Amino acid sequence: MRKITAVMTVALFALWAFADEPPPIVNGGGITLKDLAGMDRLVTVVLKGSNAMDRNLRVLDVGPATFSVMSAKGERTAYLFSSVAEIRVQEGKVESQEFNLDANRALRPEEQKILDRALERCREFFDAASSNQVVKMRAATFLCAGGKKDAAEYLMKLATSNDLPTEVEAALCLFVGGEKDIPRTIIPQGLKSGDRTVRAKAMLLAGLTGDQGAVSTLQVMVRDRAADICGPAAKALAMLGVRNAIPDIFKMLQLNDPVKGDSAVEALSRFGGADVIEQAKALLPQTEGQLRYRLVLLLYKLGDPTGKELMRTEIFATPTLQPEAAPLLAKDGDREAAQYLSNRLQGLYDEKPEVLMFRAKAALALMHSVDPTAMTHLQKLLTANLPIAKQGIANLIAETGRRKLLPILQPLIEDSRVGVSLTACGAALAIARPEFQERYIASLK
C-alpha cells in the first residue's frame with residue numbers, strides 16, 4: 001500500500017497543473033471516480049507500467065489531477081491520474097498480497113549477477129545433449145521468460161507436435177514463460193483427454209489464459225467425484241470468475257476430503273465477495289473439526305473480522321492446528337504466534353521433508369516480525385540433503401518475492417541435481433521479475 005508514496009509526494013506538486021482525464025472505472029456499471037468518493041465501495045488501483053495492484057481501497061476525494069484513497073489499515077495515499085491504468089470496483093473484500101517494495105526498484109548489481117547465473121544454468125541444461133525433454137522444457141520456460149527466442153521456438157514446436165500430453169505441457173510452459181500466442185485447440189482437446197494429468201493441466205491452462213470457451217466443460221467437471229478432477233476445475237472456474245459455480249464449490253468444501261477441501265478454500269478465496277463471506281458465516285454454527293477450520297481459514301483469507309478473531313482465539317488455541325494458524329497470524333503481526341514459531345525453531349529436529357517445510361514456513365513468517373534469527377534458520381534448512389525439501393523451500397521463497405533471499409538460493413542454483421538447480425533458478429527469476437512470479441506461482445498450485 002506504500003507503493004510509490006514517497007515519489008508521489010514529490011511528483012504531486014510538480015505535475016498538479018497538468019490535469020489528466022481520470023483513469024477508467026472497471027466493473028462499476030457506469031459509476032464515475034467522483035461518484036466513488038466517500039462511498040463504502042472497495043476498489044483495486046492498477047498502476048501503469050508495472051500493472052502492480054493495490055486492493056481493498058476506498059476512494060476519499062478527487063482533485064483536478066489526483067485522487068486519494070484509504071487502505072484497510074487506515075493509511076491515506078494519493079495517486080496521480082497519469083500513473084493509474086484503471087480502477088476496478090470490487091464485489092467485496094479480496095485477499096491482498098503483501099506489498100513488496102522490491103517490485104518497484106531495479107535489481108542491484110549483486111542481485112543481477114545471481115539472476116544472470118540462474119539463466120546461465122538454464123542455458124546449460126537446455127543445451128546439454130544429455131538433458132531429457134522434461135528438463136529442456138523447464139529450462140526453456142525460464143529462458144523464454146528471460147527473452148530467449150530459441151527457447152520460445154522450441155516450446156512452440158512441442159505445442160504443435162501432435163502428442164497431446166506434450167502439447168499441453170508445452171503450452172503451459174509457454175504461458176508461464178510469457179508467450180501469449182498459444183494454440184487454442186490444445187485446451188479443448190486436453191479437457192477431453194482420458195489422462196487425468198493432462199486434463200488437470202488443461203483445466204489450469206484454461207483458467208490461467210482466461211479461456212471462457214472451457215466454462216461449460218469445467219462446470220460439469222467441478223461436480224466430478226474424483227478430487228483430481230473437481231479440484232482443478234474449481235480453481236479454474238475461480239480464475240475465470242464464474243460465480244454461478246460457487247454453490248458447487250461450497251458443497252466441495254464440506255466434503256470429508258482434504259484435497260477437495262483445500263481446492264475449495266483456494267477457489268472461494270479467489271472469488272471473494274460479500275456473498276462468499278455470508279455463506280461461509282452461515283455454515284459456521286453447524287460445523288466442527290476440519291470443516292470449521294476451512295471456513296475460518298476462508299474468512300481469514302478474505303479479511304473478514306470474524307475469521308481473524310476465530311483464527312486467533314479458536315484455531316490457534318487448538319494444539320493440533322497451531323502449526324497451521326501460527327504462520328498466518330505471525331505474518332499479520334501477532335506476537336503470540338510469532339513467539340510460538342520462534343520457540344518451535346529452537347532445539348533439535350528430524351530432517352524429514354514435512355518437518356523442514358514447516359520450519360521454513362515458520363522462518364519466513366518470522367521475517368515479517370523482523371526476527372534476526374529467521375534467515376539463519378532458513379539457511380540451515382537448505383543444508384539438509386533432501387532434494388524434495390530443498391525444492392519445496394525454494395518455491396516458498398519464490399512466493400515471498402523478497403530479493404534479500406536471493407543470495408541463499410545461490411548454492412541451490414549450483415546444485416548438481418537438476419531438479420534442485422532448476423527449481424532454484426525458477427525461484428530466482430520469480431523474485432527478480434514480479435510479472436513472471438505471478439504466472440509461475442499460479443502454475444505451481
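**View 1. Contacts along the chain of this predicted model.** Among contacts (heavy atoms within 4.5 Å) between residues at least 6 apart in sequence, 59% join residues at least 24 apart. Local features need pLDDT of at least 70 and side-chain atom pairs count only at pLDDT 80 or more, while totals for chains, interfaces and linings use all residues. Residues are numbered from 1 along each chain as its sequence is written, and side-chain values use heavy atoms, with hydrogens and water left out.

**View 2. Overall dimensions of the chain.** The C-alpha trace spans about 65 × 55 × 50 Å along its principal axes.

**View 3. Elements and burial.** The chain holds 23 helices and six strands; these are DSSP runs (helices H or I, at least four residues; strands E, at least two), numbered from the N terminus. Of the 445 residues, 50% count as buried, meaning under 20% relative accessible area with a 1.4 Å probe, protein chains only.

**View 4. Helix α12.** This helix covers residues 258-271, 14 residues in total. From first C-alpha to last it reaches 20 Å, close to the 20 Å expected at 1.5 Å a residue, where the expected span is 1.5 Å times one less than the number of residues. Among the buried residues of α12 are V265, L268 and F271. The buried residues of α12 pack against α10 (227-240), α11 (246-253), α13 (274-283) and α14 (289-301).
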